[in-house]
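Thanks for coming. I will walk through one structure this morning, starting with its sheets and helices and ending with a few loop residues.

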Amino acid sequence: MTSAKILYLARYRVPHAIMSLQPEFTRHLIGVDRTCIASPVPKEELWPVFEKHGIDTTKFDYAPDSEIYRIYPEVNDWVFEGDYRTYWLRQQAIKFAFLDYLNYDLMIMHDCDCLLIKDYEPFKDGRLNFMVLENERHSWGYYESIKNALGFDRLTPHCFISEFVPVLKKDFNDLVKFLEQTHNKKWLNAMIDSCPPEPTVPPWGNGELIRWFSEYEFIGNWAMSRQDITMEFQRRYHYDDMEKIGDFDPTYHTAVCDAVPDLGLSLQYDWDKKEIPKFDYYMDKIRERLARHT
């Protein structure tokens, strides 16, 4: 079985990718052969940046998102005027399209602002093994989208939004076929057309319609409807200030996640100097905390 971690990398996420690809974190993802960087940033820019920060790219593949826009123009149907989350929605469509475009037997969707600090094996004893958030629920729209598109209610009280989500290529192929046959339209359109708009309320808005859709909840519930899966609870530490990045509890937490509300105050990449300001300082905070418990 071929396998790869799929990391969709917008330019502003490059510094998070550099951190998440450090060996302190990558060694915890068990049983995955390769890493595929799917990105609008050219490989010729990314690979030297990775290598400068000690990242071995010999088992890396690259997929440009220009191919997605060429082959799957429907991703632009996920853009809605007046919806302040609309480009985030389109990013989800692009991530879905990459699952269709790529040809690994097992793909692990990964958001690089989440760092693994405990072992996780996404395919274990012949079954998909999901990291989930225990008894957690999100927006109504996430689950209405599943019901409208797939024909069933949410299947578990646990949440699949763990930033590490395994997908079998066969399951995804079957999902595409199911959506197009059931809804008589392109599969990406079937997904987003199943997502009901919801009015905003103050202080977030004044009645403008926005859509809440989760690629991870959608994929997890689809997989669960087709086969026996296993689950393990992810205990995540969220830092809302870069100075707090090392304040997690290694005896309890399994992942460290960026929750800095202002992107300008999170990790940055200086493209002129080809460096992340204070990168070693932040990594040392993490390394020191981990070293105390080894």
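Before the first element, a word on terms: helices (H or I, at least four residues) and strands (E, at least two) are DSSP runs, numbered from the N terminus. Contact means heavy atoms within 4.5 Å. Axes are lines fitted to C-alpha atoms, for helices over the stretch in contact, and angles run from 0 to 180 degrees between N-to-C directions.

Now the ground rules. This is a predicted model, in which local features need pLDDT of at least 70 and side-chain atom pairs count only at pLDDT 80 or more, while totals for chains, interfaces and linings use all residues. Residues are numbered from 1 along each chain as its sequence is written, and side-chain values use heavy atoms, with hydrogens and water left out.

With that in place, look at helix α3, residues 43-52. It lies across β2 (34-39) and β3, and runs at about 150° to β3. Helix α5 also lies across strands, namely β1, β2, β3, β4 and β8, and its direction is about 155° to β1.

Those strands belong to one sheet. Two strands pair if DSSP finds at least two bridges between them. In general, strands of a sheet pair through backbone hydrogen bonds, either parallel or antiparallel. Here, five strands make an open sheet with mixed pairing, and the order is β3-β2-β1-β4-β8. At the edges are β3 (60-64) and β8, each of which pairs on one side only. On average, neighbouring strands of this sheet are turned by 25° against each other, direction ignored.

Let us take two pairings from it. Strand β1, residues 3-8, runs parallel to β4, and five bridges join them. Ala4 has Met107 as its bridge partner in β4. On to the next pair: β4 (residues 106-110) and β8 are antiparallel, also with five bridges. Met107 turns up again here, opposite Val167 in β8.

Is β8 mostly covered or mostly open? Mostly covered: five of the five residues in β8, 164-168, are buried. Buried means under 20% relative accessible area, exposed over 50%, and partly exposed in between, with a 1.4 Å probe and protein chains only. Phe164, Pro166 and Leu168 point one way from β8, Val165 and Val167 point the other way, and all are buried.

There is another open sheet, of three strands in the order β6-β7-β11, again with mixed pairing. Its edges are β6 (123-124) and β11 (230-233); each has a single partner strand, so one side of each has no neighbour in the sheet. Strand β7, residues 127-132, runs parallel to β11 and is joined to it by four bridges. Within that pairing, Met131 has Glu232 of β11 as its bridge partner.

Next, the cores. A nonpolar core is a set of buried Ala, Val, Leu, Ile, Met, Phe, Trp, Tyr and Cys residues joined through side-chain atoms within 4.5 Å. The largest one has 66 residues, and Phe96, Met191 and Phe218 touch the most other members. Helix α5 (residues 86-101) supplies the largest share of this core, seven residues. A second, separate core has 34 residues, including Leu7 and Tyr237.

How do helices pack against each other? Two packed helices are described by the angle between their axes and the distance between the axes. For α5 and α9 (residues 215-226), the angle is about 40° and the axes are 10 Å apart. That makes the pair oblique; the cut-offs are under 35 degrees for roughly parallel, over 145 for roughly antiparallel, 65 to 115 for roughly perpendicular, and oblique for the rest. The residues in contact are Gln92, Lys95, Phe96 and Leu99 from α5, with Glu215, Tyr216, Phe218 and Ile219 from α9.

For comparison, α6 (residues 140-150) and α7 (residues 169-183) pack at about 70°, with axes 10 Å apart. These two are therefore roughly perpendicular.

Last, the loops. Asn135 sits between β7 and α6, is exposed at 55% relative accessible area, and has a positive phi of about 50° although it is not a glycine. Lys278 lies in the loop between β13 (255-258) and α10 (279-291). Its phi is also positive, about 65°, and it is not a glycine either. Lys278 counts as partly exposed, at 45% relative accessibility.
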